[in-house]
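Q: I have a model open and want to go through a few spots in it. Can you take some quick questions?

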Amino acid sequence: FVAAGIIVGPNTPGPVLLEHPEDLELLAAFGLIFLLFYLGVEFSVEDLTSGGTKLLWSAALYLSLNMGGGLAMGFAFGWGTREAFIVAGITGISSSAIVTKVLVELHRLANPETRLILGIIVIEDLFLALYLAALAPVLGEADSAAEGALLFLRALLFLLLLAAVARWGAPIVEKVITAKSDELLVVLFVGFALLVAGLAYELGVSDAIGAFMAGLVIAGTTLASRVERLVRPLRDAFAALFFFAFGLSIDPGDIATVLGPAVVAILATLVLASAAAVGAARINHLDRQAAANIAFSVAARGEFALILVTLAAGAGLDERLAPFAAVYVLVLAVISPILALRSSAFVRFIPTRWVPGTAIPEPV
């Protein structure tokens with residue numbers, strides 16, 4: 001969809017479907033909301049707590065290596081300090097949508113490392129909420145460090161409140177939005193998602209992250225499976241429009257100026273993701289095949305990178321961030337599933353002394 005937007009956008013020769021990409025701004029916003037709301041419905045607070053300290057250490061290792069590497073690259077590119085923090089977010093957060101799709105299509109849901117992979121991407125989702133709040137000064141929403149700290153604190157309290165509602169108040173929310181007919185239930189949960197997203201936006205938190213937390217609340221109710229089934233078509237339709245609208249804003253002529261940094265970032269991501277996977281496998285006493293599966297499954301980048309670069313564009317940051325993110329996301333979205341499929345071929349490159357054990361046979 002991103003590529004389609006580039007092809008029929010106003011910045012490329014040939015037929016132009018939309019002269020003004022901003023006409024899709026509202027629909028693209030709905031795409032972010034439904035996408036993250038769906039991800040929130042898929043997981044529950046128990047998913048975060050059941051992994052214990054090993055999951056937290058594994059996620060911390062992955063985030064610190066990938067975001068630290070991204071921040072270093074951002075400064076090395078010389079685009080500016082604020083842009084470096086955006087690059088760190090773009091390169092540091094996996095695509096939950098692509099990762100879960102890869103695990104399902106490769107029939108790896110029963111693999112011993114899959115629970116760890118899902119736990120890592122859930123923690124990444126929640127970390128992104130805090131990271132976006134911390135980026136308030138970077139995105140121009142705060143005029144001073146004190147104001148930025150206040151915005152972060154307000155956003156943190158709001159997210160903690162929603163987490164508490166997800167943990168203990170889900171039965172109350174269930175009574176409010178429950179309905180026997182699917183049509184009425186759709187109206188109610190869409191209204192709930194938009195309400196929480198709007199409140200988040202007013203408090204300085206990303207509306208998309210507010211929608212994620214709204215989904216996390218729904219995940220704690222008995223309606224979760226119905227809502228997940230009913231919201232999927234909305235997610236697919238509006239998320240497609242979001243990716244398409246992003247493609248419309250890309251000028252292919254700008255890609256040449258960021259091709260070098262994008263290639264460096266892609267290679268660095270694959271190396272850092274592999275290093276983090278080896279460390280996570282050691283922490284969780286998994287073997288080399290599991291480490292290879294983790295490395296290439298979580299290397300995919302997608303919706304969150306585009307969320308960050310969209311916010312950066314709205315804040316007037318360096319225009320090179322958009323084509324950089326487009327190349328980076330498109331390449332990793334394609335090669336990560338391919339590498340995950342062929343992960344067994346890379347096991348021999350992982351020294352046994354780093355990750356003891358033998359390869360786990362792939363499920364048939």
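Q: Start with Gly-52: buried, partly exposed or exposed?
A: Partly exposed, because the relative accessible area of Gly-52 is 30%, and the cut-offs are under 20% for buried and over 50% for exposed. Keep in mind that this is a predicted model.

Q: Which helix is Gly-52 found in?
A: Gly-52 is in helix α4, which covers residues 52–77.

Q: How far does α4 reach from its first C-alpha to its last?
A: It reaches 38 Å over 26 residues, close to the 38 Å expected at 1.5 Å a residue.

Q: And which residues of α4 are buried?
A: Among them are Leu-55, Tyr-62, Leu-63, Met-67, Met-73 and Phe-77. Glycines are included too: Gly-69, Gly-70 and Gly-74.

Q: Switching to the core. How many residues does the largest nonpolar one have?
A: It has 124 residues, and those with the most contacts inside it are Phe-37, Ile-86, Ile-90, Leu-306 and Phe-324.

Q: What does Phe-324 touch, leaving out residues up to four places away in sequence?
A: Phe-77, Trp-79, Val-87, Ile-90, Val-258, Pro-261, Ala-262 and Ala-265. Of these, Phe-77 is one of the buried residues in α4.

Q: Last one, α7 and α10. At what angle do they pack?
A: About 140 degrees, with their axes 10 Å apart. The crossing is left-handed.

Q: Which residues meet there?
A: Asp-125, Leu-126, Leu-128, Ala-129 and Leu-132 in α7 meet Ile-209, Phe-212, Met-213 and Leu-216 in α10. By class, that contact has 8 nonpolar, no polar and 1 charged residues.

Technical notes:
Residues are numbered from 1 along each chain as its sequence is written. This is a predicted model: local features need pLDDT of at least 70, side-chain atom pairs count only at pLDDT 80 or more; totals for chains, interfaces and linings use all residues. Side-chain values use heavy atoms; hydrogens and water are left out. A nonpolar core is a set of buried Ala, Val, Leu, Ile, Met, Phe, Trp, Tyr and Cys residues joined through side-chain atoms within 4.5 Å. Buried means under 20% relative accessible area, exposed over 50%, partly exposed in between (1.4 Å probe, protein chains only). Contact means heavy atoms within 4.5 Å. Axes are lines fitted to C-alpha atoms, for helices over the stretch in contact, and angles run from 0 to 180 degrees between N-to-C directions. Helices (H or I, at least four residues) and strands (E, at least two) are DSSP runs, numbered from the N terminus. A crossing is left-handed if the near helix is turned anticlockwise from the far one by less than a right angle, and right-handed if clockwise. Ala, Val, Leu, Ile, Met, Phe, Trp, Tyr, Cys and Pro count as nonpolar, Asp, Glu, Lys and Arg as charged, and the others, Gly among them, as polar. The expected span of a helix is 1.5 Å times one less than its number of residues.
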